[in-house]
Amino acid sequence: MRIYIYSIGLLFFTLSYAQENQTTFGLFPEASLSYKLLKNYSITHKFESQHGFYDSENLNEELEYEHTLTDLQTFIGRRITPFIKVDIGYQYRIEEGENTHRTIQQVSILQRESHFRIGHRVRIDQTFFNNASLLFRARYRLKGQIPLQGESLDNGENYLSISNELIYMIQSGEDDLENRLTAALGFYIDDKNKFEIGLDYRTDDYLVKDRFRHRIWLKFGYYKTL
């Protein structure tokens with residue numbers, strides 16, 4: 001619990017700093033459904049959507065609602081070992097201006113420790129536009145999950161989830177960086193159902209002059225396995 005309090009405090013400190021730059025705030029619901037296809041293969045369908053209520057650049061002082069984007073994803077995964085899994089996926093993004101297609105390839109590695117779990121994920125993706133060049137991204141995410149009752153996570157117990165992801169992207173010869181930091185409280189209902197709620201803090205345009213941006217989302221998700 002102490003780690004959770006520290007994490008939330010760090011995020012609120014960052015949010016205070018973010019007020020000095022372009023800042024977006026909103027809601028970020030997501031849900032996923034996973035099931036086995038064959039012995040070592042699985043399918044995951046995922047839905048996530050961002051809904052803005054505040055944008056400092058647009059002076060949205062009346063906190064008007066604005067749909068930012070909605071992503072529909074499907075992954076086919078193969079488990080290589082109990083701790084290593086590879087996936088290929090496709091995403092269809094719905095947003096104002098132009099809907100896009102994205103192909104995704106990733107490797108996930110699970111590291112079990114005595115009192116917590118650490119997940120490593122290396123992902124590359126390619127986004128296709130009608131009137132723009134291909135966007136290529138390379139990503140690494142480190143994620144920790146810590147039980148808040150006892151030394152292991154059992155049905156009906158809560159956990160803390162913290163992750164950070166660094167993203168490198170390049171399009172038309174111009175590159176940039178994005179960082180995603182999340183802290184969430186998780187509810188482990190049972191082996192097939194869990195719910196998380198927390199903050200998702202994203203910064204990007206590190207390499208673009210005078211365009212550094214903060215995005216802060218109240219994120220909540222339900223994850224179902226058949």
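These legends walk through some views of a predicted model.

View 1. Of the 226 residues here, 40% count as buried. The accessible surface comes to about 13,100 Å², and carbon and sulfur atoms hold 59% of that. As for contacts between residues at least 6 apart in sequence, 47% of them link residues at least 24 apart.

**View 2. Here 11 strands close into a barrel.** Go around and the order is β1-β2-β3-β4-β5-β6-β7-β8-β9-β10-β11, with mixed pairing. Leaving direction aside, neighbouring strands in this sheet are turned by 20° against each other on average.

**View 3. This is where β1 meets β11.** Strand β1 covers residues 22-36 and strand β11 covers residues 213-225. The two pair in the parallel sense, with 13 bridges between them. To get your bearings, find A31, which sits opposite Y222 in β11.

**View 4. On to the hairpin of β1 and β2.** Four residues lie between these two strands. Strand β2 takes in residues 41-55 and pairs with β1 in the antiparallel sense over 11 bridges. A handy pair to look for is G26 and, opposite, G52 in β2.

**View 5. A close look at β5 and β6, which run antiparallel.** Residues 100-112 make up strand β5, residues 117-128 make up strand β6, and 12 bridges join them. Look for R102, which faces T127 across the pairing, with T127 being in β6. As you trace the strands, remember that side chains in a regular strand alternate between the two faces of the sheet.

Terms used: Residues are numbered from 1 along each chain as its sequence is written. This is a predicted model: local features need pLDDT of at least 70, side-chain atom pairs count only at pLDDT 80 or more; totals for chains, interfaces and linings use all residues. Side-chain values use heavy atoms; hydrogens and water are left out. Buried means under 20% relative accessible area, exposed over 50%, partly exposed in between (1.4 Å probe, protein chains only). Contact means heavy atoms within 4.5 Å. Accessible areas come from the Shrake-Rupley method with a 1.4 Å probe; for residues, only the protein chains shown count as cover. Two strands pair if DSSP finds at least two bridges between them. Axes are lines fitted to C-alpha atoms, for helices over the stretch in contact, and angles run from 0 to 180 degrees between N-to-C directions.
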